[in-house]
Amino acid sequence: MELNYEDALDWGDEQEVGVGKVYNKDGTLKYEWNLTTKNSTGFKKSYNRYGQLVREVRYNSSGEIIQDKTFE
């Protein structure tokens, strides 16, 4: 797991702010997010066990979802 809360947005109890990545035991990326004050939009992305993107959610600076895509 990698976490960086420097310049993280403040969304109350939301834990997945700042920049972070979570990996599977085999080293493939499982989940990542980038929610900082430097960007006007942020994202959270989920990957399957093969490392393929399966979902991407984009947020505005207020924490509102502006796009939610699911990939097959």
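Student: Which residue takes a positive phi in the hairpin of β5 and β6?

Tutor: Gly63 does, at a phi near 90°, and that hairpin has four residues between its strands. This is a predicted model, with local features needing pLDDT of at least 70 and side-chain atom pairs pLDDT 80 or more, while totals for chains, interfaces and linings use all residues. Residues are numbered from 1 along each chain as its sequence is written, and side-chain values use heavy atoms, leaving out hydrogens and water.

Student: What makes β5 and β6 a pair?

Tutor: Strands pair if DSSP finds at least two bridges between them. A strand here is a DSSP run of E, at least two residues, numbered from the N terminus. β5 and β6 (residues 65–70) have five bridges, in the antiparallel sense, so they qualify. Across that pairing, Tyr59 stands opposite Ile65.

Student: How do you know that β4 and β5 pair?

Tutor: Bridge count again: β4 (residues 41–47) and β5 (residues 53–60) share seven, also antiparallel. Phe43 stands opposite Arg58 there, and Gly51, in the hairpin with five residues between the strands, has a positive phi near 85°.

Student: Why is Ile66 called partly exposed?

Tutor: Buried means under 20% relative accessible area and exposed over 50%, with partly exposed in between (1.4 Å probe, protein chains only). Ile66, in β6, has 49% relative accessibility, so it counts as partly exposed.

Student: What does Ile66 touch?

Tutor: Skipping residues up to four places away in sequence, Ile66 touches Thr41, Arg58, Tyr59 and Asn60, where contact means heavy atoms within 4.5 Å.
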